[in-house]
Amino acid sequence: MATLILIAGTALMIVSIGFSVMLGAADISFTTVWNGVFQYNPDLTSHQIIQELRMPRAIVAAIIGAFLAVSGAIMQGMTRNPLASPSIMGVTDGSALMIAIAFAFFPGTSPLGLMFFSFIGAGLAAGVVFLIGSFSKGGLSPVKLALAGTAVGALLSAFSSGIAIHFEVAQDMSFWYAGGVAGTQWIQVQFVLPVVVIGGLIAIFIARSVTVLSLGENVAKGLGQRTTMVKVLGTIVVLLMTGAAVSVAGNVGFVGLVIPHITRFLVGLDYKWILPCSAVLGGLLLVLADIGARMVNPPYETPIGAITAMVGVPFFLYLARREGRGL
């Protein structure tokens, strides 16, 4: 079943990327897209649109969707928290805060520099959320951790807005608040590719360990797992992927919450399959969301974060209601 999901999901994602390249303010035929990809003519405007605007946009959407889905799956597995995701746990808001600081105090920061700031913000936010949650009476429960993440995320978002307004960088930050992949260029693809390689290899390396850890820390230690090392490596993957995603696409929520649950329903509880299938399905979801963002109110674009929220918010409320019974 997992192999079928991987093959079918990859095929659907490739088809969706093709439609993403075809659709836009000016629709382009399939034949033109094919020629623009395999027989590029720089003198043709349509070929330039395909190569310089739409292809990098579609590819980045797929990569960012995969990043967020894998990050959410690892967070849920390590914490045994079905509500964990980069957006719910405040990680994306931490990244956005550091990007606001970069715009305010270090104007002209390169895309690589923004990614570095984003990594730092993601790490600080995750640390604060777990610190606050650890002081709660009765220890960390899934809902308490989600509440801590939501509260910290709201605070960090308020700080981001204050910095953006005070230092007059709100226009620069508006893209990151809304979330989206419009205007993406090949340079962003080049910057996230190392994260694909490094984060992907680490995720593959710890997949089996996360499966054991998801059964409970005591069980994992009893089976000889080095739980601290697994958590450190998993956290590195989450920070790398979330930081890269926010620095390129802004605050795109709920992909990391919804996709891991769908994947576990389809392929079971083995993270050897959950992580790659989550990557494929997450990429597919964000490419489709990007297509939807262009079709809701043409020729204007709806923020892609609003599209994913329409799917994610009801799902989050359902999970919170189900998990809240254990409070």
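Which residues in α2 meet which residues in α3?

Good morning. Please keep in mind that this is a predicted model, in which local features need pLDDT of at least 70, side-chain atom pairs count only at pLDDT 80 or more, and totals for chains, interfaces and linings use all residues. Residues are numbered from 1 along each chain as its sequence is written, and side-chain values use heavy atoms, with hydrogens and water left out.

To the opening question, then. From α2, the residues T32, V33, N35, G36 and V37 meet S46, H47, I50, Q51 and M55 of α3. Contact here means heavy atoms within 4.5 Å. Helices are DSSP runs of H or I with at least four residues, and they are numbered from the N terminus. By class, this contact has four nonpolar, six polar and no charged residues. For these classes, Ala, Val, Leu, Ile, Met, Phe, Trp, Tyr, Cys and Pro count as nonpolar, Asp, Glu, Lys and Arg as charged, and the others, Gly among them, as polar.

How are such pairs of helices described? Two packed helices are described by the angle between their axes and the distance between the axes. The axes are lines fitted to C-alpha atoms, for helices over the stretch in contact, and the angles run from 0 to 180 degrees between N-to-C directions. Helix α2 covers residues 30-38, and its axis comes within 9 Å of the axis of α3, crossing at roughly 75°. That makes α2 roughly perpendicular to α3. In this scheme, angles under 35 degrees count as roughly parallel, over 145 as roughly antiparallel, 65 to 115 as roughly perpendicular, and the rest as oblique.

Let us turn to the interior. A nonpolar core is a set of buried Ala, Val, Leu, Ile, Met, Phe, Trp, Tyr and Cys residues joined through side-chain atoms within 4.5 Å. Buried means under 20% relative accessible area, exposed over 50%, and partly exposed in between, using a 1.4 Å probe and protein chains only. The largest core has 85 residues, of which I64, F67, I74, M173 and L275 touch the most other members. Helix α3, residues 45-79, gives the largest share of this core, 13 residues. Leaving aside neighbours within four places in sequence, F67 is in contact with V192, V195, V196, M241, A244 and A245.

Beyond four places in sequence, its contacts include N81, G256, L257, H261 and Y271. Q76 and L257 are 181 residues apart along the chain, yet their C-alpha atoms are separated by 8.6 Å. Another buried residue is T242, at 0% relative accessibility, placed in helix α10, residues 227-249. T242 touches S71, P86, V91, T92 and S118, again not counting residues up to four places away.

Now to the loops. F254 lies between α10 and α11 and has a positive phi of about 75° although it is not a glycine. At 16% relative accessibility, F254 counts as buried. E168, in the loop between α6 and α7, has a phi near 55°, also a positive value in a residue other than glycine. At 72% relative accessibility, E168 counts as exposed. Y300 is found in the loop between α12 and α13, and at 59% relative accessibility it counts as exposed. Y300 touches A293 and R294, residues up to four places away being left out.

Finally, consider L12 in helix α1, residues 2-22. L12 is partly exposed, with a relative accessible area of 48%. L12 and L284 are 272 residues apart in sequence and 7.2 Å apart in space, C-alpha to C-alpha. Thank you for your attention.

Key
Helix = DSSP H or I, 4+ residues; strand = E, 2+ residues; numbered from the N terminus.
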